[in-house]
Amino acid sequence: MLKIVHPVAGLIAILAIAIFWLSTAISELFLSEAAVVAVKTAIPWGFLILIPALAATGGSGFAWSKGRRQGLIGTKLKRMPFIAANGLLILIPSALFLASKARAGEFDTAFHAVQALELIAGATNLALLGLQMRDGMKLTRWRRGSFLKQGVACTASLTAREDVARGTMALHLKKPDGFTFKPGQAVYLTLPDLKEADGKGRVRAFSIASAPDDAELVIATRLTDSAMKRGLANLPVGSPVEIEGPYGDLTLDGDATRPAAFLAGGIGVTPFRSLIRDASRHAPTRGLVLFYSNRSPEDAAFLPELEQAARDNPRFKLVATMTNAPDWQGEHGFITREMIERHVGEIAAPVFYLAGPPAMVAAMQAMLKEAGVGTQNIRAEEFAGY
């Protein structure tokens, strides 16, 4: 519910402030004194919509953060006090003052000075709310259809834990009855019994690394010093975890005649493991190529399994590249256009799927766009790793 209330309330707040701002500017510049009076006296009534919308936006944002204070959520939370203070201390008093002056027909220096202040404050809040919505879209994937579908909240239990690379752990969860997902999708995971908390919060989004018809759900994560990651690392087998989802549309497009090229950095390989496992079983004729970048083979999660999958499926090609492994027999360095063209031929032929750290994903998107790949053929997910 919060995932609907928060963006809708934010949008209402933006629209309300935009209407106030534009009506003020247009009436002052182009309309009569009577129109200015009408606008100024009507704006305070609009607070009956604006104030609840701002309160709902802030309240749902704090509730949704679940204690997390870093990343995009942390940035959004830091903006909220400025938006609230700007509204309570400047916009509302200014609007009430201007409405009083307008009703009295007093369009003097004080009126115009406060009017200028109100316009500046309104433009500032519009800019801040716009940044809030931009970051919210990144967090919720508002542009993706799956976000508009209600996710399932359920409880799973830990059945096993294993190391799949240096500093990387895979968790095997008992799949809740009736839980279904598409390869490449993700879930939000919460530890209900986590006693320790920090600014990174109690909830994380994890791509599902298993295929839909696997008996268990598998997620994988880099181990860090956050309370959440320590809690996962020390979670006893049999312990409950809360999951919500599935979300995300990093799923294969419907055109099976086009090859799919996966560009993964580090733990970003998890959704592609799901896609590759599923496609090998149900779409064995589809061309798949995974470009998988790591510092060394020891840091590459699921590498032996992926190498075996490439041997078993002639339509799947693995291009593992290492940035700091002199003895590695495969590719070296970061993923480049030249590397992609050497293995797939015409770079515009595949549909590209990107997952990894934000900087890596941004660099790959820029490289592909510069090479002439259309945005409709690039799909991406970011993994911050905290």
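## Strand 3 and its partners

Strand 3 and strand 6 (residues 240-247) run antiparallel, joined by 4 bridges. In this pairing, Y188 sits opposite E244 of strand 6. The model you are looking at is a predicted one.

Strand 3 also pairs with strand 4 (residues 203-207), again antiparallel, and here 5 bridges link the two.

How much of strand 3 is buried? Spanning residues 186-190, strand 3 has 4 of its 5 residues buried, so the rest of the structure largely encloses this strand.

## Helix 6

Now for a helix. Helix 6 covers residues 270-282, and its 13 residues should span 18 Å at 1.5 Å a residue; the end C-alpha atoms lie 19 Å apart, so the model agrees with that expectation.

Which residues of helix 6 are buried? They are T270, P271, F272, R273, S274, L275, I276, D278 and A279.

## The chain as a whole

Stepping back, the protein chain contains 9 helices and 12 strands. Its C-alpha trace spans about 85 × 50 × 40 Å along the principal axes. Of its 386 residues, 50% are buried. Among contacts with a separation of 6 or more, 73% come from residues 24 or more positions apart.

## Surface and charge

The protein chain exposes about 17,900 Å², and carbon and sulfur atoms supply 62% of that area. As for charge, there are 41 positive and 35 negative side chains, with the centres of the two sets 2 Å apart.

Note on methods. Residues are numbered from 1 along each chain as its sequence is written. This is a predicted model: local features need pLDDT of at least 70, side-chain atom pairs count only at pLDDT 80 or more; totals for chains, interfaces and linings use all residues. Side-chain values use heavy atoms; hydrogens and water are left out. Buried means under 20% relative accessible area, exposed over 50%, partly exposed in between (1.4 Å probe, protein chains only). Contact means heavy atoms within 4.5 Å. Accessible areas come from the Shrake-Rupley method with a 1.4 Å probe; for residues, only the protein chains shown count as cover. Lys and Arg count as positive and Asp and Glu as negative; His and the chain ends are not counted. The place of a charge is taken as NZ of Lys, CZ of Arg, CG of Asp or CD of Glu. The expected span of a helix is 1.5 Å times one less than its number of residues. Two strands pair if DSSP finds at least two bridges between them.
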